[in-house]
Amino acid sequence: MDKLVIHGPTKLKGEVTISGAKNAAVAILPAALLINGVCRIENLPNISDVKMYCKILQELGAKITWITENEIEIDTRDLSCTQAPLEMTSKFRASYYLLGVLLGRCGTAEVGLPGGCNLGARPIDQHIKAFEALGAKVDIAQGKITAKAKKLVGTSIYMDIVSVGATINAVLAAVLADGTTTIDNAAKEPHIVDLANFLNTMGADIRGAGTDVIKINGVKELRGNATYSVVPDQIEAGTFMLAAVASRGNILIKNCIPEHLDCITAKILEIGGTVEDYGDSIRVSMNKRPNKATVKTLPYPGFPTDLQPQMGVVLATADGTSTLHESIWESRFQYTFELNKMGAKITAQGKSAVFEGVKELTGSPVYATDLRAGAALIIAGTIANGETQLYNIEHIDRGYENIEEKFRNLGANIQRVTEQIEM
Ligand code: EPU
């Protein structure tokens, strides 16, 4: 069992290079199964969710060649199977994209009910609604979802709520359907645009990704034979922006897309930080205690729920009392109990939390309750006085490439330690 041991406090200073986006990569990898050919994907983050997805694709008959640790070639000419291995798919959320993809390519799919971070109820009714609208029959029984269709036919789909996953699954299922599909009230996250760009590069005809109406003209086949580079990770970039602010440091964040980060930049300016935009990099600095703030998470282009815990660390030591409202996930405040062990004064109730800013945090043993909570606790350990031991870091490895090395390069005193469990 690995843990991270962090000694603080440290003002983080220096440069960090952002990896490819996890949530784009876990949509693009299954999307490659829609291609009847070979494609190359660059700038893949070297994280456990990507490695797991590659194993699943191999089980389904795709041939994968690793060119470097961030670049692969996938040959999807001979798919042998439409049943994704249940023990693998049930471990992470994005495995449900296999439903849209296998339905689209083979007309039948069987996937384990998806796992992933425990953020509260994670219904998939909008995914099912989209598949059914396209003509599929969907069943959920014995821990798995089965979808079948003689033929998928383009249609109009109105999403009752803005859902990243349901928008992606509807796009995936519609790419090879007969005729035109329109998705209204679609999610607009950068990874949805990236998925559409990938599919269009391989021969699809998708328009309007990044707006709330996406139109997909079905094509007969995706031939591939092209190379695509995954977009830089908006959430990883935001994590380091907030790490700079929380630690009162100065970080140049390279390989990012500043316009994806506008809402985070706006909050950082509001609480007294500085952000300089250099086109494909940004510098974030802070030289005082942050001002208090009110933050509400929203679908893109609002403040991302996936940066809410990292923002929580900033507000925990801000000057005054702040409020965070979570509007996407019902259980995203579990990290506040860990921060309180470190001396924070946070009261979380339902979808809101009140942060009575304290001057400093103190190191403590803490547990990563999910991926983003884990990233937030690394920041907390970096700014806290003394030693923090962070457990359950397998959550963090799912979504951040070389995270302790990146923090170490910014001056953090952070080590990965393997603990022997006595039997
Ligand atoms: N929802 C429904 N029905 C559905 C689908 C979603 O009611 O059929 C609800 C959810 O319960 C939630 C809201 O709609 O309240 C939004 O959920 P969404 O479908 O957008 O989330 P997701 O696709 O399951 C992705 C990211 C999450 C991120 C959310 C919101 C991936 C693999 N995951 O999840 O990322 O928090 O969008 O932006 O893309 C993370 O990276 O740490 C992470 C959890």
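Where in the structure is P9 found? P9 sits in the loop between β1 and β2 (13–17). This is a predicted model.

**Cis peptide bonds**

- The bond that joins G8 and P9 is a cis peptide bond, with omega about 5°.
- Y300 and P301 are also joined by a cis peptide bond, with omega about 10°.
- P301 has its place in the loop between β17 and α10.
- In general, most peptide bonds are trans, and most residues other than glycine have a negative phi.

**Positive phi angles**

- N225 has a positive phi, near 60°, and is a residue other than glycine.
- N225 lies in strand β13 (residues 222–229).
- N225 is exposed, because its relative accessible area is 72% and the cut-off for exposed is over 50%.
- N402 has a positive phi too, near 45°.
- The place of N402 is the loop between α13 (394–397) and α14 (403–409).
- N402 counts as partly exposed, because its relative accessibility is 34%.
- G135 follows α5, and its phi is positive, near 110°.

**Strand β1 and its partners**

- β1 covers residues 2–8 and is mostly covered itself: 5 of its 7 residues are buried.
- β1 runs antiparallel to strand β23 (residues 413–418), and 6 bridges join the two.
- As a general point, strands of a sheet pair through backbone hydrogen bonds, either parallel or antiparallel.

**An open sheet**

- An open sheet is built from 4 strands in the order β17-β18-β20-β19, with mixed pairing.
- Its edge strands are β17 (294–296) and β19 (345–349), and each of them pairs on one side only.
- From one strand to the next, the twist averages 15°.
- Strand β18 (residues 321–325) pairs with strand β20 (residues 352–356) in the antiparallel sense, over 5 bridges.
- H325 has S352 in β20 as its bridge partner.

**Helices**

- Which residues of helix α10 (residues 308–316) are buried? They are Q308, P309, Q310, M311, G312, V313, V314, L315 and A316. That is 9 of the 9 residues in α10.
- In helix α5 (residues 125–133), the residues Q126, H127, I128, A130 and F131 are buried.
- The cover over the buried residues of α5 includes α4 (97–106), β7 (137–141), β9 (156–158) and α6 (164–174).
- N23 belongs to helix α1 (residues 22–31).
- Why is N23 called buried? Its relative accessible area is 19%, and the cut-off for buried is under 20%.
- The side chains of N23 and K22 are joined by a polar contact of 2.6 Å.
- Beyond its neighbours within four places in sequence, N23 is in contact with H191, D306 and R372.
- T265 belongs to helix α9 (residues 262–270).
- T265 is buried, because its relative accessible area is 16%.
- Not counting residues up to four places away in sequence, T265 touches M241 and V275.

**Nonpolar cores**

- The largest nonpolar core has 81 residues.
- The residues with the most contacts inside this core are L29, I41, I74, L98, V175, F198 and L199.
- Leaving aside neighbours within four places in sequence, V175 has contacts that include L34, L199, A204, I206 and I216.
- Another core lies apart from the largest one; it has 67 residues, among them V295, Y335, M342 and A412.

**Around the ligand**

- There are 24 residues around the ligand, and S163, V164, D306, I328 and R372 come nearest.
- D306 and R372 are also among the contacts of N23.
- A ligand nitrogen atom is 2.8 Å from an N or O atom in the side chain of D125.
- A ligand oxygen atom is 2.8 Å from a polar backbone atom of Q126. Q126 is one of the buried residues of α5.
- An oxygen atom of the ligand is 3.0 Å from an N or O atom in the side chain of W329.

Terms used:
Residues numbered from 1 in each chain as written. Predicted model: local features only at pLDDT ≥ 70, side-chain atom pairs only at ≥ 80, totals over all residues. Heavy atoms only, no water. Buried < 20%, exposed > 50% of the residue type's maximum accessible area, 1.4 Å probe, protein only. Polar contact = N/O pair within 3.5 Å; in protein donor to acceptor, adjacent residues only side chain to side chain. Contact = heavy atoms within 4.5 Å. Pairing = 2+ DSSP bridges. Axes fitted to C-alpha atoms, helices over the stretch in contact; angles between N-to-C directions. Core = buried A, V, L, I, M, F, W, Y, C linked by side-chain atoms within 4.5 Å. Near = heavy atom within 4 Å.
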